[in-house]
Amino acid sequence: MNTPSPLVILSDFDGTISKFDVSDFIYQNFAGCGMLYAEQWSRGLISTREEVLRTYDTVTASKEEIAAALATVPIDPSFHTLVERTQRLGIELAIVSDGMDWVIETVLAAHGIHGLALYANHITFQGGKPCITFPWWHEFCPMDGVCKPKVLNRFRDAGKRIVYIGDGRSDRLAAAEADVVFAKNDLVTICQ
């Protein structure tokens, strides 16, 4: 194609591309507190930032141990087709997730998928400890780590029509901003 597509497809990751919430998978397998803070988040008692920082503070596993477990995480088999078709048609595809960038990249790499644009919370490991920052946080979405409408508006400002794919609570504000929404699981009820 000689001209860029007027469309962009933005997809959530946890429970949308992956078959289950990968953050929960990490918490259940590696966090000393288990699902304690995730359950508080699901009830709206704490923000994503509070949940993530408190939970990862109890993770003692190494980056390598976590990576080995992430290599077993299944993804929706149709995602490979979506990646291939968007590349062939010149349609931009990006992931917008309230999860961790390295976690998402590690899961996708295990499935042979590399180089997708990614808007997520940032995690590195320094001295064996997880260090987390929130480059996409915005006061418009104080309970989220990633303000998905902020990301969507970057594409809208560039003249793109936005197709959004999501499955749950962290997708509610993005769904309200998108031109077309493909919803599954809890996001269906939220959209209704």
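Biologist: In this predicted model, which side chain meets that of Asp12 in a salt bridge?

Modeller: A salt bridge here is a side-chain nitrogen of Lys or Arg within 4 Å of a carboxyl oxygen of Asp or Glu. Residues are numbered from 1 along each chain as its sequence is written, and side-chain values use heavy atoms, with hydrogens and water left out. At 3.2 Å, N to O, the partner of Asp12 is Lys148.

Biologist: How many residues apart in sequence are the parts that Asp12 and Lys148 tie together?

Modeller: Helices (H or I, at least four residues) and strands (E, at least two) are DSSP runs, numbered from the N terminus. Asp12 sits in the loop between strand E1 (7–11) and helix H1 (22–30), whereas Lys148 belongs to helix H7 (residues 148–157), so the parts they tie together are apart in sequence by 136 residues.

Biologist: Is Lys148 buried or exposed?

Modeller: Buried means under 20% relative accessible area, exposed over 50%, and partly exposed in between, with a 1.4 Å probe and protein chains only. Because the relative accessibility of Lys148 is 1%, this residue counts as buried.

Biologist: Which residues do salt bridges with shared partners join into one network?

Modeller: The side chain of Lys148 also meets that of Asp171 in a salt bridge of 2.7 Å, N to O. Asp171 lies in the loop between strand E5 (161–166) and helix H8 (172–177), so its pairing with Lys148 in helix H7 ties together parts that are 23 residues apart in sequence. Asp171 is buried, at a relative accessible area of 0%. Through shared partners, the network joins Asp12, Lys148 and Asp171.

Biologist: What is the relative accessibility of Asp179, which meets Arg156 in a salt bridge?

Modeller: The side chains of Arg156 and Asp179 come together at 3.3 Å, N to O. Arg156 is partly exposed, with a relative accessible area of 29%. Asp179 likewise counts as partly exposed, its relative accessibility being 37%.

Conventions:
Predicted model: local features only at pLDDT ≥ 70, side-chain atom pairs only at ≥ 80, totals over all residues.
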